[in-house]
Amino acid sequence: MKIKGNFYFLETEMGGRKTPFRDKYSPQFKLLKDPTMNKIGRFIVEDDIEVKPGERIELDINLGKLEYFPVFRKHLKVGEQILVLEGVRFIGFGIITEVYS
């Protein structure tokens, strides 16, 4: 399953990443509506762009198969907020703008 969203990544001084990331970066995602469950996914970054700390950008995420995550899948809707984490560290957030099957 894939989604698209508008994301903001925290600046390093605010606790965000120290280095930029590129295509296939795989953090954890947590939906604000159901913060008890998280899912590892993969950002799809076109044209070998670097996403830097402090940047706002529209990105796609490949969440893989969600048959074992029915509650997570149920809340994947346009307008929902999604958090981006590295382990337990919050590094960014976004708003879902599209949901693909």
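Predicted model: local features only at pLDDT ≥ 70, side-chain atom pairs only at ≥ 80, totals over all residues.
**Close-up views of side-chain contacts**

With a relative accessibility of 53%, Asp48 counts as exposed.

**View A. A salt bridge joins the side chains of Arg22 and Asp48.** The nitrogen and oxygen atoms of Arg22 and Asp48 are 2.8 Å apart. Arg22 is in the loop between β1 and β2, whereas Asp48 is in the loop between β4 (42-44) and β5 (56-62), so the pair ties together parts that are 26 residues apart in sequence. Arg22 has a relative accessible area of 36% and is therefore partly exposed, while Asp48 is exposed. The structure holds six salt bridges.

**View B. Glu80 and Lys33 form a salt bridge.** The closest N and O atoms of Glu80 and Lys33 are 3.3 Å apart. The two residues come from distant parts of the chain: Glu80 lies in the loop between α1 (70-74) and β6 (81-86), Lys33 lies in the loop between β2 and β3 (34-40), and they are 47 residues apart. Glu80 is buried because its relative accessible area, 17%, is under 20%.

**View C. Tyr8 and Phe93 form a tilted aromatic pair.** The structure contains 10 aromatic pairs. In the pair of Tyr8 and Phe93, the ring centres are 5.8 Å apart and the planes stand at 55°, so the arrangement is tilted. This pair links distant parts of the chain, with Tyr8 in strand β1 and Phe93 in strand β7 (residues 89-100), 85 residues apart. Tyr8 is buried at 11% relative accessibility, whereas Phe93 is partly exposed at 34%.

**View D. Phe9 and Phe21 form an edge-to-face aromatic pair.** The ring centres of Phe9 and Phe21 lie 5.1 Å apart, and because their planes meet at 75°, over 60 degrees, the pair counts as edge-to-face. Phe9 belongs to strand β1 and Phe21 to the loop between β1 and β2, 12 residues apart. Phe9 is buried, with a relative accessible area of 3%, and Phe21 is likewise buried, at 4%. Both rings take part in a cluster in which ring pairs link Phe7, Phe9, Phe21, Tyr25, Phe29 and Phe43.

**View E. Arg17 lies over the face of Tyr25.** Arg17 is found in the loop between β1 (2-9) and β2 (28-31) and is buried, with a relative accessible area of 16%. The distance from Arg17 to the centre of the Tyr25 ring is 4.6 Å. The side chains of Arg17 and Tyr25 are also joined by a polar contact of 3.4 Å. A polar atom of the Arg17 side chain lies 3.4 Å from the backbone oxygen of Pro20. Apart from neighbours within four places in sequence, Arg17 is in contact with Leu10, Thr12, Tyr25, Pro53, Glu86, Arg89 and Ile91.

**View F. A network of salt bridges links Arg17, Glu86 and Arg89.** Side chains of opposite charge can pair when their charged atoms come close. Glu86 and Arg89 meet through their side chains in a salt bridge, with an N to O distance of 2.5 Å. Glu86 is partly exposed at 25% relative accessibility, and Arg89 is partly exposed as well, with a relative accessible area of 34%. Arg17, by contrast, is buried.

Definitions and conventions:
Residues numbered from 1 in each chain as written. Heavy atoms only, no water. Helix = DSSP H or I, 4+ residues; strand = E, 2+ residues; numbered from the N terminus. Buried < 20%, exposed > 50% of the residue type's maximum accessible area, 1.4 Å probe, protein only. Polar contact = N/O pair within 3.5 Å; in protein donor to acceptor, adjacent residues only side chain to side chain. Contact = heavy atoms within 4.5 Å. Phe/Tyr/Trp six-rings, centres within 6.5 Å; stacked < 30°, edge-to-face > 60°. Lys NZ or Arg CZ within 6 Å of the ring centre and 35° of its normal. Salt bridge = Lys/Arg side-chain N within 4 Å of Asp/Glu carboxyl O.
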